[in-house]
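Below is a short briefing on a structure made of helices and the contacts between them. It is meant to be read with the sequence and the coordinates open.

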Amino acid sequence: MRVALAILKKDLQMEFRSKDSILAMWIFSLLIFVIFNFTFEVSRLVMLEIAPGLLWVAFIFSGMFGLNHSFSVEKENGNLRSMALMPVDGGQIYLGKFLSVTLIMLLFEALIFPIFVIFYDLQLSLQMFLLAPVIFAGTIGFTSLGTILSAVAVHTRNQQILLSLLLWPLVSPIIIWSVTLTGMILGGEIPPTFTSLLIRVGAFDVIFFTISYLLFDFILED
Amino acid sequence: MRKLIDKILLVVLFFAFMISLYLVFMWVPQIRASNAAEQIAQKIFYYHVPSAWVGFLAFFVVFVASVGYLATRKRQFELVAVASAEIGVLFITLVLITGPIWAKPVWGIWWTWDARLTSSLILWLIYIAYLMLRRYLPDGSKRANLSAVVGIIGFIDVPIVYYSIRWWETQHPKAVMASSEGSLAGEMFFTFMFTLATFTLLYAYFMRQRYQLLTLEDTVNKQFKEMEIL
């Protein structure tokens with residue numbers, strides 16, 4: 001646990017000094033909203049229907065910056081090798097990287113969400129607070145698989161594109177459920193299936209995290 | 001000995017395919033349908049479903065071989081996994097091609113975002129990514145490790161993807177074998193089982209060929225390296 005926390009601390013310090021990931025992700029999401037506005041001129045009613053999808057498209061596309069950055073930094077500085085040589089379980093390193101990527105992404109999501117509300121003129125209500133667990137659960141699913149696959153893709157020449165190719169199909173269940181849940185909240189009425197769906201996302205999170213945690217040792221090996 | 005087995009397999013496969021062609025297009029009774037196009041289109045079932053079965057079998061082999069590789073670090077397991085992934089992608093490609101050909105006359109559309117169609121497409125994408133990863137990595141133990149990890153995660157993900165997509169209303173015909181309401185008529189069942197066995201045999205043949213080719217490549221590469229050292 002100590003190693004994981006040390007990695008987390010180092011990553012957060014780096015991020016807050018440079019703000020590389022967060023800034024890139026935030027601006028990129030903003031661009032997605034703008035481009036979207038030009039490409040689909042739709043009525044407000046339709047807009048409300050597609051808003052949940054748009055929000056997650058922004059999260060996922062921008063999230064790739066954070067994921068790619070997470071391990072390319074380590075590789076540039078030759079840290080990947082040192083990490084492999086550390087006399088600790090690979091799972092610890094995974095946990096540290098996972099925590100830092102997740103925290104940065106959650107922070108970015110919190111920063112972009114107000115913009116989303118303003119641009120698409122969403123009605124604020126108490127129900128909006130339910131979005132917090134949904135976004136949390138969806139993000140964890142995305143980053144748990146994303147972290148290990150980023151560590152895989154970093155060894156290739158085409159890191160950026162390969163990470164998307166690997167991650168998106170695999171993480172599609174999480175995206176499907178997250179968009180559905182977000183749609184329920186923004187739609188105004190919370191159907192009774194909401195809680196059970198949210199629990200399912202949580203269950204997938206646990207599965208993805210556990211597999212990645214167990215397999216990370218093999219990624220570090222040479 | 002190996003050559004002999006290959007030859008026998010090839011001969012058996014040739015006759016099995018000839019027989020299956022006869023069974024599918026001459027012997028098995030036509031289904032009752034509103035128009036002729038639909039009747040003919042139904043024949044594709046005998047190739048569509050066995051292809052899907054071989055695809056799943058192939059990806060299961062990728063999973064088992066990947067686990068085997070991480071447990072033993074034997075090169076053979078890695079080669080089996082790659083060979084199987086390539087063949088699996090080939091057969092799922094066939095599924096994705098034959099499906100729309102059937103769907104157009106029967107459903108009136110080439111494609112719909114239904115559970116089985118979407119999850120087959122995503123399955124295909126997962127293993128395409130697996131093969132692309134291997135292309136982008138230099139040969140060595142690193143590549144073997146990384147692709148084994150992706151091979152394992154990919155296969156565990158398959159049921160999750162299917163389960164989550166099934167949530168949408170499904171339009172795909174139900175699995176006729178399993179449902180109680182309707183089951184295949186005797187001749188249809190026999191024909192189906194025959195093509196299924198033929199396709200499985202084809203998988204076995206492809207696997208042997210691809211595996212042998214991969215080991216041959218290994219041998220050649222090793223000899224080149226030795227020459228370079230001299």
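**A residue between two chains**

Leu166(A) touches Leu149(A), Val152(A) and Ala153(A) in its own chain, and Ala129(B), Leu133(B) and Val150(B) in chain B, when residues up to four places away in sequence are not counted. The model is predicted.

**Nonpolar core**

- The largest nonpolar core has 99 residues.
- Leu166(A) is among the residues with the most contacts inside this core, together with Ile148(A), Val152(A), Ala81(B), Leu133(B) and Val149(B).
- Helix α4 of chain B, residues 75-107, gives the core its largest share, 12 residues.

**Interface between chains A and B**

- On the chain A side 21 residues are in contact with chain B, and on the chain B side 25 residues are in contact with chain A.
- Two helices of chain A, α7 (159-187) and α8 (194-220), each supply at least two residues of the side that touches chain B.
- The largest share of that side, 9 residues, comes from α7(A).
- By residue type, the side of chain A that touches chain B divides into 14 nonpolar, 4 polar and 3 charged residues.

**Chain A as a whole**

- Chain A has 8 helices and 0 strands, and its pattern along the sequence is α-α-α-α-α-α-α-α.
- The radius of gyration of chain A is 18 Å, close to the 17 Å that the globule rule gives for 222 residues, so chain A is as compact as a globular protein of that length.
- The C-alpha trace of chain A spans about 55 × 35 × 30 Å along its principal axes.
- Of the 222 residues in chain A, 43% are buried.
- Taking contacts in chain A between residues at least 6 apart in sequence, 86% join residues at least 24 apart.

**Chain B as a whole**

- Chain B has 7 helices and 0 strands, which run α-α-α-α-α-α-α from the N terminus on.
- Along the principal axes, the C-alpha atoms of chain B fill a box of roughly 75 × 45 × 25 Å.
- Buried residues account for 30% of the 230 residues of chain B.
- In chain B, 76% of the contacts between residues at least 6 apart in sequence join residues at least 24 apart.

- Helix α5 of chain A, residues 90-119, has 30 residues and should span 44 Å at 1.5 Å a residue; its end C-alpha atoms are 43 Å apart, which agrees.
- α5(A) bends by about 30° at Ile112(A), and the proline Pro114(A) follows within four residues.
- α4(B) has 33 residues and reaches 47 Å from its first C-alpha to its last, close to the 48 Å expected at 1.5 Å a residue.
- Gly108(B) follows α4(B) and has a positive phi, near 85°.

**Residues with positive phi in loops**

- Lys19(A) is a residue other than glycine with a positive phi, near 55°.
- Lys19(A) sits in the loop between α1 and α2 (20-39) of chain A, and is exposed because 12 other C-beta atoms lie within 10 Å.
- Arg73(B), also a residue other than glycine, has a positive phi near 60°.
- Arg73(B) belongs to the loop between α3 (45-72) and α4 of chain B, and counts as partly exposed because it has 14 C-beta neighbours inside 10 Å.

**Two leucines of chain A**

- Leu8(A) is part of helix α1 (residues 2-18) of chain A, and its 19 C-beta neighbours inside 10 Å make it partly exposed, since a buried residue needs 20 or more.
- Beyond its neighbours within four places in sequence, Leu8(A) is in contact with Gly96(A), Leu99(A) and Ser100(A).
- Leu8(A) and Ser100(A) are 92 residues apart along the chain, and their C-alpha atoms are separated by 5.1 Å.
- Leu130(A) is found in the loop between α5 and α6 (131-153) of chain A, and counts as partly exposed with 17 C-beta neighbours inside 10 Å.
- Leu130(A) and Val171(A) are 41 residues apart along the chain, and 22 Å separates their C-alpha atoms.

Key
Residues are numbered from 1 along each chain as its sequence is written. Chains are lettered from A and ligands numbered from 1 in the order in which they are written. This is a predicted model: local features need pLDDT of at least 70, side-chain atom pairs count only at pLDDT 80 or more; totals for chains, interfaces and linings use all residues. Two residues are in contact if their C-beta atoms, placed from the backbone, lie within 7 Å. Ala, Val, Leu, Ile, Met, Phe, Trp, Tyr, Cys and Pro count as nonpolar, Asp, Glu, Lys and Arg as charged, and the others, Gly among them, as polar. The radius of gyration is taken over C-alpha atoms; the globule rule is 2.2 Å times the number of residues to the power 0.38. A nonpolar core is a set of buried Ala, Val, Leu, Ile, Met, Phe, Trp, Tyr and Cys residues joined through C-beta atoms within 7 Å. The expected span of a helix is 1.5 Å times one less than its number of residues. The bend at a residue is the angle between axes fitted to the seven residues ending there and the seven starting there.
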